[in-house]
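This report concerns the structure shown below.

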Number of protein chains: 2
Amino acid sequence: MMRGLLVAALALLSACVPQLRGTGDLGVVVERADGRVLVVESTNSTALATVSGLGDLSHAALVYSRDARYAFVFGRDGGLTKVDILTGSIAGRVVQSGNSIGGAVSQDGSLVAVANYTPGGIKVFDTATLAPVADIPAIGADGKPSKVIGIADLPGRKFIYTLYDAGEIWIADLTDPAKPAVTKFTGIGKLPYDALITGDGRWYLAGLFGEDGIALLDLWNQDKGVRRILDHYGKGAVALPVFKMPHLRGWAVAGNEVWLPAIGHHQVLVVDKTSWKETARVEVAGQPVFVMARPDGRQIWVNFAVPDYNVIQVIDVPSRRVIKTLEPGKAILHMEFTPRGERVWLSARDSDKVVVYDTETLEQVAELPASKPSGIFFTSRAHKTGL
Amino acid sequence: MMRGLLVAALALLSACVPQLRGTGDLGVVVERADGRVLVVESTNSTALATVSGLGDLSHAALVYSRDARYAFVFGRDGGLTKVDILTGSIAGRVVQSGNSIGGAVSQDGSLVAVANYTPGGIKVFDTATLAPVADIPAIGADGKPSKVIGIADLPGRKFIYTLYDAGEIWIADLTDPAKPAVTKFTGIGKLPYDALITGDGRWYLAGLFGEDGIALLDLWNQDKGVRRILDHYGKGAVALPVFKMPHLRGWAVAGNEVWLPAIGHHQVLVVDKTSWKETARVEVAGQPVFVMARPDGRQIWVNFAVPDYNVIQVIDVPSRRVIKTLEPGKAILHMEFTPRGERVWLSARDSDKVVVYDTETLEQVAELPASKPSGIFFTSRAHKTGL
């Protein structure tokens with residue numbers, strides 16, 4: 001028996017020693033067809049572990065715990081899975097809705113809120129235990145449930161999110177989780193499809209699908225209400241059929257500007273963060289899906305909807321010029337910069353690989369095999385509002 | 001013997017299990033009189049470990065490794081100590097100069113550069129092994145060695161820093177570590193005492209002690225050279241004797257403004273980041289030492305030189321008004337915000353404690369005993385240029 005114990009102890013010992021590492025250079029890649037995620041590290045661009053059993057990840061997003069050890073993965077099947085990236089295992093899982101599209105961790109790290117399509121609304125859980133804390137259906141002024149999109153954390157234990165069908169922006173205050181206090185901004189525009197919050201947590205922008213324009217809320221002056229910016233930016237040009245909804249998040253901010261996909265057009269809009277007026281428009285290769293600033297705001301990387309999704313373009317911010325068109329692989333679904341921006345990771349779904357580029361030389365420096373990869377998320381997001 | 005092995009294995013096992021944790025909520029507090037640092041966590045505001053043997057920390061600074069597991073501590077005795085914050089132990093130590101004041105880790109995490117007073121210059125080391133990589137004496141145009149201050153990382157394997165005595169700004173390119181390439185900007189002003197780089201890595205500001213003004217370098221347009229801003233901001237008012245040099249770092253940026261100590265005056269200057277002109281001046285309780293923005297840029301917290309160092313003031317950024325004056329303890333040497341800014345940690349050296357405040361309620365929420373604490377540094381700095 002002692003021999004058995006010794007063997008077990010040594011096995012556990014050898015299992016635990018390799019896991020001791022910082023979490024600062026870690027990340028997660030979603031393998032969308034297999035209900036799996038890869039745990040990766042960006043110092044040497046390698047995969048460390050595979051975690052299975054995450055259900056339907058054909059659309060998935062994730063946010064990190066305050067200590068960056070856990071990823072909360074939101075899946076297409078309504079699953080909320082807490083993944084321990086240090087042990088490469090599932091620490092908890094709840095199927096909490098029919099279909100969820102994203103979530104947010106509260107500023108203090110204690111709560112995780114999930115934005116649900118079906119049934120429409122948000123559900124909030126304790127990050128330590130995944131115990132349910134609140135359930136807030138998104139019933140609009142029209143009395144019908146709405147899909148919820150664009151959720152982000154606000155200072156305190158608050159979350160902001162948007163009701164797609166009803167066209168409303170809500171703020172839920174979970175300071176007393178038993179009695180969430182909800183503030184509603186109604187009539188913000190038609191079919192807001194996604195929303196972003198700037199890194200300072202001040203400006204919330206909801207992109208509209210039902211009309212040309214963006215709904216803007218100044219969170220430091222909420223009494224001023226929601227206003228419309230970039231109204232009619234399509235300028236009457238016939239919008240193309242939208243093959244894939246663009247995504248909006250805080251990484252759209254470069255310096256004092258916000259770079260946005262012009263939904264239905266082969267263009268990126270540049271908006272000044274002080275005047276909220278359009279200052280430039282950049283012609284690009286296709287319909288943008290992700291328009292992401294390098295962390296220093298000196299470049300914007302753009303990927304595209306089908307049929308242009310084998311192409312990536314790099315825009316130089318000061319000159320607003322496309323400086324490079326790359327073909328890193330087939331069906332580039334997502335991009336993620338390393339924390340200080342020296343490299344960017346791109347998921348090439350139909351090439352079954354993740355490709356790593358140097359953002360100065362614009363050349364490929366590494367690749368990792370991955371099965372139908374989609375989202376890539378580095379742990380630096382743990383320290384950022386809205387990501 | 002098997003029993004002995006089993007006991008040893010179980011002991012090692014129990015020793016290694018508690019260390020498995022994320023590094024995202026960790027930090028380090030310097031105990032300046034004892035050559036020690038505390039490893040702390042900011043989720044529950046507790047100390048996790050004490051690490052001794054770091055030499056003279058009566059002036060100390062630190063930066064983090066790319067994975068956030070290691071702190072590189074720069075001490076007054078010229079010591080460079082690599083601390084493993086997960087095991088609470090020293091992973092390496094080099095006494096590499098007579099007196100060093102700070103350092104920086106390269107963008108890709110491979111190099112750590114130390115800014116030395118004596119002998120004046122920088123020394124660069126491999127972050128993994130602490131093997132020496134380069135030694136660049138700071139000999140100014142006057143042929144004499146200068147103290148080096150204000151070091152920060154730039155994209156690539158570059159470092160920017162300032163020569164205090166010679167009044168020059170240098171950029172060292174360590175792409176080929178055997179042949180560092182140095183770019184020099186001379187005649188930038190008299191006795192630049194510290195420098196900051198904005199979070200986007202674009203603007204480098206060196207505060208001058210020998211005259212009223214700031215030297216500014218646009219790193220995205222280096223051919224334009226260094227220019228003077230805020231010239232004569234003292235407006236002829238007699239400057240007070242400076243009891244403690246202010247510190248400048250990237251945390252001085254709030255939104256599109258930079259908040260700076262007006263050296264020798266009881267004032268904070270507000271500078272617009274687009275025009276580089278002063279837009280406001282805030283009267284404060286003493287000579288500012290640290291003027292730090294909360295991560296969202298909505299508040300500025302200020303501490304002061306003796307005799308006003310028992311006081312902290314909080315400024316509301318939009319209104320530029322001092323909204324609170326606090327007395328958290330005796331001799332508040334340093335402040336550090338949690339990554340998303342919900343709390344701020346303050347070191348009260350002569351009260352032998354670190355005090356934690358909620359930045360919304362402006363009330364104390366925790367405290368930790370610490371022996372003569374000075375600098376406090378959270379791991380979120382690992383992902384930021386210049387910090």
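A:Asp84 and A:Arg69 are both buried. The model is a predicted one, and within it the side chains of these two residues form a salt bridge with an N to O distance of 2.7 Å. The pair connects distant parts of the chain, 15 residues apart: A:Asp84 belongs to strand 6 (residues 79-84) of chain A, whereas A:Arg69 sits in the loop between strand 4 (60-64) and strand 5 (70-75) of chain A.

**Salt bridges**

Over all chains, the count of salt bridges comes to 44. Several of them are set out in the table.

| Residue | Partner | N to O distance |
|---|---|---|
| A:Asp84 | A:Arg69 | 2.7 Å |
| B:Arg66 | A:Glu342 | 3.0 Å |
| B:Arg381 | B:Glu336 | 2.8 Å |
| A:Arg340 | B:Asp153 | 2.7 Å |

In chain B, the side chains of B:Arg381 and B:Glu336 meet at 2.8 Å, N to O.

B:Tyr70 has B:Asp84, in strand 6 of chain B, standing opposite.

In chain A, six bridges connect strand 6 with strand 7 (residues 89-95), and the two strands run antiparallel. Here A:Val83 stands opposite A:Ile90 in strand 7 of chain A. The hairpin formed by strands 6 and 7 of chain A has four residues between the strands, and A:Gly88 adopts a positive phi near 60 degrees.

In soluble globular proteins, nonpolar side chains tend to be buried together. The largest nonpolar core in this model comprises 58 residues, and B:Ile122, B:Tyr161, B:Leu205, B:Leu260 and B:Trp301 have the most contacts inside it. A second, separate core of 57 residues includes A:Leu205, A:Leu216, A:Tyr233 and A:Leu346.

With neighbours within four places in sequence left aside, the residues in contact with B:Ile122 include B:Ala113, B:Ala134, B:Val148, B:Tyr161 and B:Ala172.

A:Ala195 is found in strand 16 (residues 192-197) of chain A. Is this residue buried or exposed? Its relative accessible area is 1%, so A:Ala195 is buried. Residues up to four places away in sequence not being counted, A:Ala195 touches several others, among them A:Ile149, A:Thr162, A:Leu205 and A:Leu248. The C-alpha atoms of A:Ala195 and A:Thr129 are separated by 29 Å, the two residues being 66 apart along the chain.

B:Gly199, by contrast, lies in the loop between strand 16 (192-197) and strand 17 (203-208) of chain B. B:Gly199 is exposed because its relative accessible area is 52%, which is over 50%. A separation of 20 Å is found between the C-alpha atoms of B:Gly199 and B:Glu342, which are 143 residues apart along the chain.

**The interface between chains**

The size of an interface is often given as the accessible area lost when the parts come together. Between chain A and chain B the buried area is about 4,300 Å², with carbon and sulfur atoms giving 59% of it. A:Arg66, A:Arg340 and A:His383 supply 21% of the area that chain A buries against chain B, more than any other three residues. In terms of contacts, 48 residues of chain A are in contact with 47 residues of chain B.

Four salt bridges are found across the interface of chain A and chain B. A:Arg340 forms a salt bridge with B:Asp153, the closest N and O atoms lying 2.7 Å apart. Another salt bridge joins the side chains of B:Arg66 and A:Glu342 at 3.0 Å, N to O. This pair crosses between chains, from the loop between strand 4 and strand 5 of chain B, where B:Arg66 lies, to the loop between strand 28 (332-337) and strand 29 (343-348) of chain A, which holds A:Glu342. B:Arg66 counts as buried because its relative accessibility is 11%, and A:Glu342 likewise counts as buried at 11%.

Key
Residues are numbered from 1 along each chain as its sequence is written. Chains are lettered from A and ligands numbered from 1 in the order in which they are written. This is a predicted model: local features need pLDDT of at least 70, side-chain atom pairs count only at pLDDT 80 or more; totals for chains, interfaces and linings use all residues. Side-chain values use heavy atoms; hydrogens and water are left out. Two strands pair if DSSP finds at least two bridges between them. A nonpolar core is a set of buried Ala, Val, Leu, Ile, Met, Phe, Trp, Tyr and Cys residues joined through side-chain atoms within 4.5 Å. Buried means under 20% relative accessible area, exposed over 50%, partly exposed in between (1.4 Å probe, protein chains only). Contact means heavy atoms within 4.5 Å. Buried area is the accessible area (1.4 Å probe) that two parts lose on being put together, summed over both.
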